[in-house]
Amino acid sequence: MLQGILHYAHYLLEGSIDKNETVIDATCGNGNDTLFLSNVVGKNGHVLAFDIQDDAIIATKQKLEENNRTNVSVIQDSHANLQAYIPTNEFLIGGAVFNLGYLPKSDKSIVTKGQSTINAINTILQYLKTSGLIVLVVYHGHEGGEEEKEIVLKHVMKLNQRKYHVLRYGFINQRNNPPFIIAIQKR
Ligand SMILES: C[S@@+](CC[C@H](N)C(=O)[O-])C[C@H]1O[C@@H](n2cnc3c(N)ncnc32)[C@H](O)[C@@H]1O
């Protein structure tokens, strides 16, 4: 069976992240991916979960509390500033996920932006373990979405193929700008 976008994103992450690792949810929103990652790394692992807006931070903290998760740092800051939360130069990240776009049922003017997304990708790539993945779920039907999609695609298509595998996965016969996945694997 062909996997849907969100299932496939989780499948990729689950297959590449090990227990006890530190991983990143770059856009925690309602905390769905944060909770998923928290389960994947287990109680001795750690999730750094970023979002810039109050609603997302509140929703994510609530979801984690309801599920008794204690292995997550919820950080109200842009993922563009991620470097500040990385403890040492030798530090390794097990994997990362981004959901680009806006928080469903919330303020649609607060959206991810191409340049900050690229800055965050570049920082994570420096610390990503070998064979680790950055998975981006690219929603692009909203205002500004097309622009971000083009900026991010242009950037990842230029990543050195000797250092990274870059995959695009999506359904090409769906209407209304269906989301797709970009997955970057460090070789
Ligand atoms: C599509 S939603 C994420 C959905 C989330 N993964 C979930 O499971 O609910 C995108 C989120 O990115 C956040 N965001 C926008 N710009 C950001 C930035 N520069 N840094 C971190 N988060 C950002 C938005 O506030 C929004 O909550």
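The model on screen is predicted, so local features need pLDDT of at least 70 and side-chain atom pairs count only at pLDDT 80 or more, while totals for chains, interfaces and linings use all residues. Residues are numbered from 1 along each chain as its sequence is written, and side-chain values use heavy atoms, with hydrogens and water left out.

Next, show the polar contacts (pairs of N or O atoms within 3.5 Å). At Q53, a polar side-chain atom lies 2.9 Å from a ligand oxygen atom. The protein covers 94% of the 610 Å² of accessible area that the ligand has on its own (Shrake-Rupley method, 1.4 Å probe).

Now hide the ligand. What is the space taken by the ligand? That space is the largest pocket (on a 1 Å grid over the protein atoms alone, an open set of points where a 1.4 Å probe fits, with protein on both sides within 12 Å along at least five of seven lines; lining residues have an atom within 4 Å of a point). A molecule sits in a pocket if more than half of its atoms lie within 2 Å of its grid points.

Finally, select the lining: among its 32 residues, T27, G29, N99, Y102 and L103 are the closest to the pocket's centre.

Definitions and conventions. Polar contact = N/O pair within 3.5 Å; in protein donor to acceptor, adjacent residues only side chain to side chain.
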